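Here is a short tour of one protein chain. Look over the sequence and the fold before reading on.

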Amino acid sequence: MSDHSILEPTLKEILNVINPLREDWDIRIGIIHELRNVVQSVESLRGAIVEPFGSFVSNLFTRWGDLDISIELLNGSRISSLGKTRKQTLLGELQKALKKRGGLHGFHFIRNARVPILKFESGRQNISCDISMDNMSGLMKSRMLFWINGIDERFRNMVLLVKEWAKAHDVNNPKTGSFNSYSLSLLVIFHFQTCVPAILPPLRDIYPGNLIDDLKGVRATAERNIAETCAANIARFRSENRTINQSSLSKLFVSFVAKFSDLHLKAPGLGICPYTGRWEHIASSTRWLPNNHAIFIEDPFEQPENSARAVSVMQLERISEAFMMTHNKLITPNQDRYSVLTTLTNEQTLQFIEGPPVSYPNYNGQHRRNRPQVHQAVHSPARVQHHRSPFVMSESSRPNRLFVQPVQQSVQQSVQQPEQQYPSQIGRQQHSQAKRLWRPKHDR
């Protein structure tokens, strides 16, 4: 078995580097404010609301993570639904305004994607930004992950470590046929559901039904119903008398890569279903047929969508090899810190870690010698900590929207006392005393 006395502190060392600092929050907030100014200068977008979503809102982003932003047109108090052609037109007008403003580069307009996206990089730290229109589904999925994040603090750490590992092995790029970051987060959820004892419940126990189908009508009402349901069910799960999984982060990571080492063999017949928390037989699941995907990781909030539809058959085998190789290395006796670092981190992160020269493998099998240097912006591990998110929308500009709670506080409080963290979304009922499975009001 692996020497967790080496692996555990090394994982924490990696987390110390990839966890965002206050300046990383500030840079993204600055980008959002600048984008607001540009949006208001476009006549067809005046009055639109600029909202972040994705890993920035779910608090699952690393220092170098992308920034996802949705621009929402006002439709009174109701949830709007723009057609694809209209979204393409508006994003095209925004691209012209952004180019005219300057200070941005790397524009790429993906017009014909399932959700049209405008991509660019900011002039500050080259943060990659993805802009979409009226992406309510993305907004709510981000909040769901944020709430799940509050059930167990190991979830966030695992997601950050898995993302770092995936980048190191080049299996976190849907453009080349591998995983997107959302599907990686779902894999961590599924792993935590299938551990013994389980750390997370099946997501149907948090939100029964299809969340995306419930995003209709008056937005404030839809958001409140979803938030109340999730708060009550998470509180119920936390209050249950059950055996608590005490596994260390290192044990969870080793079992994670072991679980998916034969993914290419399981994928043709079995789908990964975080909604039920089980491997499901594809042939017996009519909602997944016909199945023409290399792997099926069902989106638990938008069933039966496949979050891993971009994964190709060729890349799936390479993904499985990355899982298997990592597992074999981590269980090798007498491993050292540097072999773990080069297995779990990419070259960019390695440059921020103090230590003697490290032999870092190229993809052609050769090795090169690098001397990692500590960037001046990164504090010592003792000083690196989570910061309060300074991004809080005012009620005047963003009614009934997500309040991003202080990062340093225990996220668990948002579940036990949700009205303190989401005052515009959560009612004043004592959800922590809920004794039954809540469902959206329109389903009762």
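**The whole chain**

This is a predicted model. The protein chain holds 15 helices and nine strands. It has 444 residues, and 56% of them count as buried. Take the contacts between residues at least 6 apart in sequence: 65% of these join residues at least 24 apart. The chain exposes about 19200 Å². Carbon and sulfur atoms supply 49% of that area.

**Helix H4**

Helix H4 covers residues 84–101, which makes 18 residues. At 1.5 Å a residue, the helix should span 26 Å.

Several residues of H4 are buried, among them Leu90, Leu91, Leu94, Ala97 and Leu98. Lys87, Gln88 and Gln95 are also on the buried list.

**A glycine in a loop**

Gly217 sits in the loop between helix H7 (181–194) and helix H8 (219–239). Is Gly217 buried or partly exposed? Its relative accessible area is 22%, so Gly217 counts as partly exposed, because buried means under 20%. Leaving out residues up to four places away in sequence, Gly217 touches Ser77, Arg78 and Ile79. Ile79 is 138 residues from Gly217 along the chain, yet their C-alpha atoms are separated by 5.9 Å.

**Aromatic rings**

The chain has 14 aromatic pairs. Two of them are set out here.

| Pair | Centre to centre | Angle between planes | Geometry |
|---|---|---|---|
| Trp25 and Phe61 | 5.0 Å | 80° | edge-to-face |
| Phe256 and Phe260 | 5.3 Å | 75° | edge-to-face |

Trp25 lies in helix H2, and Phe61 in the loop between helix H3 (55–58) and S2. The pair therefore ties together parts that are 36 residues apart in sequence. Trp25 and Phe61 are both buried.

Phe256 is buried, with a relative accessible area of 0%. Phe260 is buried too, with a relative accessible area of 0%. Both belong to one aromatic cluster, which also includes Trp165, Phe190, Phe253, Trp279 and Phe323.

One ring has a charged neighbour. Arg242 lies over the face of Phe237, at 3.9 Å from the ring centre.

Key:
Residues numbered from 1 in each chain as written. Predicted model: local features only at pLDDT ≥ 70, side-chain atom pairs only at ≥ 80, totals over all residues. Heavy atoms only, no water. Helix = DSSP H or I, 4+ residues; strand = E, 2+ residues; numbered from the N terminus. Buried < 20%, exposed > 50% of the residue type's maximum accessible area, 1.4 Å probe, protein only. Contact = heavy atoms within 4.5 Å. Expected span 1.5 Å × (residues − 1). Areas by Shrake-Rupley, 256 points an atom, 1.4 Å probe, with all protein chains shown as cover. Phe/Tyr/Trp six-rings, centres within 6.5 Å; stacked < 30°, edge-to-face > 60°. Lys NZ or Arg CZ within 6 Å of the ring centre and 35° of its normal.
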